[in-house]
Amino acid sequence: MPNFYTDNPEIKYHLSHPLLKRIVELKERDYADKDKYDYAPENFEDALDSYNRVLELAGDVMANVVAPNAEEVDAEGPHLVNNRMVYASKTYENLDAAIKAGLNGVTMPRRYGGLNFPMAVYSAINEMVATADTGFENIWSLQDCIETLYEFGDEDQRQRFVPRVCNGETMSMDLTEPDAGSDLQSVMLKATFDEANNCWRLNGCKRFITNGDSDIHLVLARSEEGTRDGRGLSMFIYDKRDGGVDVRRLENKLGIHGSPTCELVYKNAKAELCGSRKMGLIKYVMGLMNGARLGIAGQSTGVSQMAYNEALAYAKDRKQFGKAIIEFPAVYDMLSIMKARLDAGRALLYATSRYVDMYKILEDIERERKENGDKLTAEERTECKTYSKLADAFTPLAKGMTSEYANLNTYDGIQVHGGSGFMLEYACQRLYRDARILTIYEGTTQLQCVAAGRYITNGFYGQVISDMLQFGQAPASIGSADWCSAEFAALKERVDNMAEKYNAAVTFVNEKKDDEFKDFAIRHLYEMAADCIMALLLIGDACKSPELFGKSARVYTRYVAAEVEKHYDFIMSATPDDLADYRK
């Protein structure tokens, strides 16, 4: 029987990174739970064994339950009955299998019924769920919203809501409105305090809400009357058990048909404040969105994996002119680049996940210590600040590049299939349709470039690339000067040349001192930075495991060297006056 974990040793490889030991020790508070819970690990090796067992179980469920249901779910989709959303019939089977496998509350502490796994392990499960069915991943992965409630809610809210999610209840984040898409500071859903019943009431409409008829909602609403910007917005928790929200319609979408996208009408719905007033957009949504963007990076990696699987299997089976088409250079060129993009994107996904783990866990420890009148040590504060900055810088790269690669890989997957790929009976067409949303929701690729912009212009990515070239890691403190083996030294030198072009292009743009020109060039600089970073990550992986990553490292470095050259030529030949050719 197939298994999406054991069949893909690349995933297990990424859980062997040296930083994971530090992450697990922090997450487990030096294994303090071992005397309280019989399933808590006693040491690092025990924790790894626990992760592997759960990941293998997840790989089995995804390969043998969720993936076989994907085509039927895509064909049926959810539907609306009396202002309530009803999933496709096989989606309930998927949910039941995931709950019975214990795949809920993955990152939550054990005291609330969670598994207390690091984000890196969650990303591995998330990737496999997306490999099975991208639409179902949207439903399953929204459990990650509980991270925001756990981080910013009070203890009473944690006690009431976190165990429900750990037991399998679903979540949604209700942010977007008809007149507030990416511009969330324009949200106008109204929140008013009901003095008589000591609760908040929500009134208004939300649109494009993924899994919008979920059990527990995090809702961005305007709590401060008379305001029209982000400072008047707060975060609220809405419990479906209390009623007051109807599903007005389900969107008819190009892809991810199994994932219900809802338009919601709030009619005096009872809600409770999560965290502090006025911090909804300024602080809480930013954390929520960064988590969602990392989730999309995992989703995109899963889509790329399945696109590659389908294309490879077809190329081996399909014969033309007396031999399998995989033997033709035109085909194996596409397949090798698909695999290289997959491996590079996956390396970026797990690097970002580790950075998120480090700072999130340290922030959690800081909250716990504050309750006892204590605080982080100076070394821990420095560590938290370092990894927080890396996570903030890497998240837009991970979301943007993996989602773009998923679109490229599903496009090439259809091309490998030829005319058969245009037929609905082949899964590659579903993957192609599903992938299209990945570069759009939770912030378009263009918005990821904006988010990354300050790390480009202030030289941070340049420093990261420099550290990686010298020590193989960022931050440099966890690397080693002899990180690159002789076998891959030429690839490292090639990336060094790419980095020189990237830094020269950044300097060229900065010296123009023209904000519009900078915005015009930022997508090119963004991709150059990501290309250098992913190439170095992949070369590092190849040095440690050449049998898994050697080919991809060589293919990918050649591939992105040409991409960097293209972007470099475009930027260095451009001037602010050229913008007139692009404006309407």
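The model is a predicted one, in which local features need pLDDT of at least 70 and side-chain atom pairs count only at pLDDT 80 or more, while totals for chains, interfaces and linings use all residues. Residues are numbered from 1 along each chain as its sequence is written, and side-chain values use heavy atoms, with hydrogens and water left out.

Lys206 counts as buried because its relative accessibility is 0%, buried meaning under 20% relative accessible area with a 1.4 Å probe and protein chains only. Leaving aside neighbours within four places in sequence, its contacts (heavy atoms within 4.5 Å) include Asp174, Glu177, Glu263 and Tyr266.

Turning to the helices, the axes of H3 (residues 44-76) and H4 (residues 89-100) come within 8 Å and cross at roughly 160°, the axes being lines fitted to C-alpha atoms over the stretch in contact, with angles from 0 to 180 degrees between N-to-C directions. H3 and H4 are therefore roughly antiparallel, a term for angles over 145 degrees. Among the residues that meet across this pair are Val61, Val65 and Asn69 in H3 and Ser89, Asn94 and Ala97 in H4.

Helix H15 (residues 489-512) has buried residues including Leu491, Met498, Tyr502 and Phe508, and the buried residues of H15 pack against helices H13, H14, H16 and H17. H15 is followed by Lys513, whose phi is positive, near 50°.

Methods: Buried means under 20% relative accessible area, exposed over 50%, partly exposed in between (1.4 Å probe, protein chains only). Helices (H or I, at least four residues) and strands (E, at least two) are DSSP runs, numbered from the N terminus. Angles under 35 degrees count as roughly parallel, over 145 as roughly antiparallel, 65 to 115 as roughly perpendicular and the rest as oblique.
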